[in-house]
Amino acid sequence: MANKTASKSKKEVGFLGKTYLLAYNGAQVAGWSYILYLMGQYYTADPKPQQSLWEIVRTALIIFQNAAVLEVFHAIFGLVSSNAMVTLFQVASRVMVVCGVLIGVEGASDSQGLHFLLFAWTVTEIIRYSFYAMGILGVSIYPIVWCRYTFFIALYPIGVTGELLCLWAASQLVGASKQWTLTFPNSWNATFNYQYFLVIVMALYVPLFPQMYLHMFGQRKKVLGGGASKKKN
């Protein structure tokens, strides 16, 4: 009897969760598609727009990238099977670049890294959220599955390169301006150097990125390679 009750409760939560997640993923597909559209408008405009790329995509990027914080709660409350801590680290790195660098440090958005990361992020997220929405609906569209487990090979390094370029640009600007840096003596009796903090964040990419990248290769082999083997058999 207890098992039946638990099963029923789980089914009810699953239904509500699927409804919510479908709306969330659909909104993210639309949002990142809009950002990609804005980028296309920027690059193809003649004459070149007076606004910078950052000024054009700023609002949409802030909304849809920071909305990804919800994914940590999705994992915590069991709406998805992802590990909450892994999700937290993945989302935090992006939010750090947007809020702590592009918004937080004036001039950091002038870095060429912005172009790299925007291209990688938009294409990756459109594919990723489409893939998730597809899974919620219980359908499998092979081109989307293939893109999900293939495009990352090029897009992840491009995105990381862009993030690191923006972080580096911000660290140099902060080093000159001493922005968000607290030195002795002060009433808090504490010290904090934002430039050093940014350098530490960059250093964390060294151990963390290869793990994520290799994990995706493992997933690719399991999904695409495994599927091929099954067909052959």
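## A buried ring pair

Phe 152 and Tyr 156 are both buried, meaning under 20% relative accessible area with a 1.4 Å probe and protein chains only. They sit four residues apart in helix α7, so about one helical turn separates them. Helices here are DSSP runs of H or I with at least four residues, numbered from the N terminus.

This is a predicted model, where local features need pLDDT of at least 70 and side-chain atom pairs count only at pLDDT 80 or more, while totals for chains, interfaces and linings use all residues. Residues are numbered from 1 along each chain as its sequence is written, and side-chain values use heavy atoms, leaving out hydrogens and water.

## Aromatic pairs

Rings of Phe, Tyr and Trp (its six-membered ring) pair if their centres lie within 6.5 Å, and the count by this rule is 18 aromatic pairs. For Phe 152 and Tyr 156 the ring centres are 5.6 Å apart and the planes meet at 65°, so this pair is edge-to-face (over 60 degrees).

Ring pairs also join Tyr 20, Tyr 24, Tyr 129, Phe 131, Tyr 132 and Tyr 149 into a cluster.

## Two helices side by side

Helix α4 (residues 84–103) packs with helix α7 (residues 152–177) at about 30°, their axes lying 10 Å apart. That angle makes α4 roughly parallel to α7 (under 35 degrees).

The contact (heavy atoms within 4.5 Å) involves Arg 94, Val 97, Val 101 and Leu 102 of α4, and Glu 163, Cys 166, Leu 167 and Ala 170 of α7.

Methods
Axes fitted to C-alpha atoms, helices over the stretch in contact; angles between N-to-C directions. Parallel < 35°, antiparallel > 145°, perpendicular 65-115°, else oblique. Phe/Tyr/Trp six-rings, centres within 6.5 Å; stacked < 30°, edge-to-face > 60°. Buried < 20%, exposed > 50% of the residue type's maximum accessible area, 1.4 Å probe, protein only.
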